[in-house]
Amino acid sequence: MGVLPVEERRVLTAKLDEMRRKALEDPESFWDEHARALEWYKIWDKVLDDGEKPFYRWFVGGRINASYNALDRHVKTWRKNKVALIWEGEDGSVKKYSYRDLYVEVNRVAALLKNFGVKKGDRVALYLPMIPELPIFMLAAARIGAPFTVIFSGFSSDSLAKRLNDSGAKLLVTADGFWRRGRVVRLKDIADKSLEQALSVESVLVVRHAGVDVAMQEGRDYWYHEALEGIGRNTYVEPERLDSNHPLFILYTSGTTGTPKGIYHSTGGYLVWVYWTLKWAFNPNDEDIWWCTADIGWITGHSYVVFGPLLHGLTTLMYEGAPDYPAPDRWWSIIERHGVTVFYTSPTAIRMFMRYGSHWVEKHDLSSLRILGSVGEPINPEAWEWYFKVVGKGRCPIIDTWWQTETGGFMISPAAGIELVPLKPGSATLPLPGVDADVVDDNGNPAKPGVQGYLVIKRPWPGMLLGVWGDPERYVKTYWGRFDGYYFPGDYAMKDEDGYFWILGRADEVLKVAAHRIGTMELESALVEHPAVSEAAVVGKPDPVKGEVPVAFVVLKEGFSPSVKLEEELSNHVAEVIGPIARPAAIIFVKKLPKTRSGKIMRRVLKALVRGEASLGDLSTIEDPSAVDEVKAALRIA
Ligand code: WTA
């Protein structure tokens, strides 16, 4: 296969094996040594405290600051004048920040946060688009020990309000608007709506970006540029010497219930993990122009647009707008113009560009690229091949990284920074050092090679979540309750004869739509909130570009009847309640849903039906078999 053939049962290089062995045999001394790659104010008393399983705590007693490690460290060296951040707006404008520039801005904003009464431990919510102020606020909050929570700018006012209330944020930072496909999305208007329900928020800072008029509430809302006016460029805010397990951020993600969970990460363990995983997987160097295309509103952006690259002193690139605007070669043009060397994106994006055609890629000189990455969902071999040949010209390895919001950083991934193993398209290859991954059957016993089972992580790792904000029980139940003593990420997987891992999709009610994580229950609870809806069931349907898309089955209340208009209304309703990314691909009206005799909706039957699978599985517990016929008729596959 391609230029990087799989040599059958090739013995992994001694170096990689040795690293893995060391990390698993004696994790404490392995991490004791590796954590020192960062600068600590105080070295830990204990590498790993497992006294209160599964509330593992790393580098206990250590003191560290994220902003210091990302900025101050480099400002003391020749990197002071190196470009830290390249930003490109959708309108084509470009801004560059050196490490020194970023340091200056972060110090000013840290002082500003303090002026607004933000203290160590207070939460700051960042509902911002992809503009430089987003990483600046993240680093400033981290500097003073205020955990930040970034809310993806595509989320609705309801979603924002839920996150503001759950995190108890004191300050909200937003923008007037941002550009998407040449149009302004009026972000402040959406924020205003959510503030009616968000009681913890005392003040709102508004970044002027799109230049649109917004309503400013006296005594609550302040323009960022005005608030910053009196804070000079020489301002220095001493970084807080934070406990290693002080929360750096909370990031909400979807699970199997209707309410998103606030995953929160430590400072020390998280930074160590992001630093080493980036190094192992991508082997960065000082000439790299690093571009991870993820929105910072997701974990990929936190770890590999902001913290990872800055810890390494790299130049990281951020692009504000739509990938195919004004033309389908926008991304390729960015790579060419900025000389991007590392390019990290999702299979959905690759499949979209594949559809547009290779000629859009071939218009541009992409010879600067040396390494490619993939994340967010399984990459199908066809997309892998295209990415490898058309984008990478057969020269660049594809680093397929499996990980999650909860893991903080990469877990299973080729390790170009140690020794690149032979790649197999569609496999994330092998666990990184320190990751004790396996595939098990229903009873938690190791699955045989080639047999599908559940992915598990058998021991703690430094980048692991600290917990679910405000809900320790949910943390224990969700992640450690399925298999005793193992962390369960919620994915199906298979290990082949060579020990390579193949991730086979979610084993729970979570969808990956265009690599975005969405809970089917969130969609269902949004639907049943609508006055016309009595019951709803949402399942994922395979999609050639987006991986999968949500399909909703809806039972209407007495007095309502199916219509195209109602379908549209329900679809808009979901987009309003959650955000446009959750809009169902189809709404199918039925009179009844297949249920068990105890009244549980049989989602697996619906899933098999939308997938057109020949077998519907065990139907012995179904209450009314005619429900299946009705769904079939509705899907026109009867
Ligand atoms: C899926 C995104 C296959 C998986 C970083 C996981 C993947 C979920 C891959 C986490 C990959 C992520 N191959 N599947 N390389 N990377 N996934 O929290 O189902 O948004 O559990 O984190 O994405 O999604 P999350």
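Pro 326 sits in the loop between strand E17 (315-319) and helix H11 (330-338). The model here is a predicted one. In this model, the peptide bond from Tyr 325 to Pro 326 is cis, with omega near 0°. Most peptide bonds are trans. A cis bond also joins Lys 53 and Pro 54, where omega is about -5°. Pro 54 lies in the loop between strand E1 (46-49) and strand E2 (57-60).

Now step back to the annotated regions. UniProt, in an unreviewed entry, lists residues 17-70 as "domain: Acetyl-coenzyme A synthetase N-terminal". Over residues 17-70 the chain is 41% helix and 19% strand. The end C-alpha atoms of that span are 30 Å apart. UniProt's unreviewed entry gives residues 72-463 as "domain: AMP-dependent synthetase/ligase". Residues 72-463 are 31% helix and 20% strand, and their end C-alpha atoms lie 23 Å apart. The unreviewed UniProt entry also places "domain: AMP-binding enzyme C-terminal" at residues 522-600. Here the make-up is 27% helix and 32% strand, with 17 Å between the end C-alpha atoms.

A separate division of the protein chain gives domain 1 (453-506) and domain 2 (513-637). Their centres, taken over C-alpha atoms, are separated by 28 Å.

Helix H4 runs over residues 99-115 and has 17 residues. From its first C-alpha to its last, H4 reaches 24 Å, close to the 24 Å expected at 1.5 Å a residue. Is H4 mostly covered or mostly open? Mostly covered: 13 of its 17 residues are buried. Just after H4 comes Gly 117, with a positive phi of about 80°.

Glycine is one matter; other residues are another. Most residues other than glycine have a negative phi. Asn 283 is not a glycine, yet its phi is positive, at about 45°. Asn 283 lies in the loop between helix H9 (268-282) and strand E16 (289-292). With a relative accessible area of 30%, Asn 283 is partly exposed. Lys 393 also has a positive phi without being a glycine, and its value is about 50°. Look for Lys 393 in the loop between helix H14 (381-391) and strand E20 (398-401). Lys 393 counts as partly exposed because its relative accessibility is 40%.

Strand E20 holds Thr 401. Is Thr 401 buried or exposed? Thr 401 counts as buried because its relative accessibility is 2%, and the cut-off for buried is under 20%. What surrounds Thr 401, leaving aside its neighbours within four places in sequence? Thr 401 is in contact with Phe 282, Tyr 344, Ser 374, Val 375, Phe 410, Ile 412 and Ser 413. With Tyr 344 there is also a polar contact, side chain to side chain, at 2.6 Å. Glu 568 gives another reference point for Thr 401. The two are 167 residues apart in sequence, and 37 Å lie between their C-alpha atoms.

Turn to the strands. Strands of a sheet pair through backbone hydrogen bonds, either parallel or antiparallel. Eight strands form an open sheet in the order E12-E11-E8-E6-E7-E14-E15-E23, with mixed pairing. Which strands form its edges? Strand E12 (221-223) and strand E23 (467-468) do, and each pairs on one side only. Strand E14 covers residues 249-253, and strand E15 covers residues 261-265. The two pair in the antiparallel sense over five bridges. Phe 249 has His 265 in E15 as its bridge partner.

Strand E26 (residues 510-513) and strand E27 (residues 516-519) pair in the antiparallel sense. Four bridges join E26 and E27. Val 513 stands opposite His 516 in E27. Two residues lie between the strands of this hairpin, and Ala 514 takes a positive phi near 50° there.

How values were computed:
Residues numbered from 1 in each chain as written. Predicted model: local features only at pLDDT ≥ 70, side-chain atom pairs only at ≥ 80, totals over all residues. Heavy atoms only, no water. UniProt positions renumbered as here; feature names shortened; annotations may be inferred. Domains from an automatic or database assignment. Pairing = 2+ DSSP bridges. Buried < 20%, exposed > 50% of the residue type's maximum accessible area, 1.4 Å probe, protein only. Contact = heavy atoms within 4.5 Å. Polar contact = N/O pair within 3.5 Å; in protein donor to acceptor, adjacent residues only side chain to side chain. Expected span 1.5 Å × (residues − 1).
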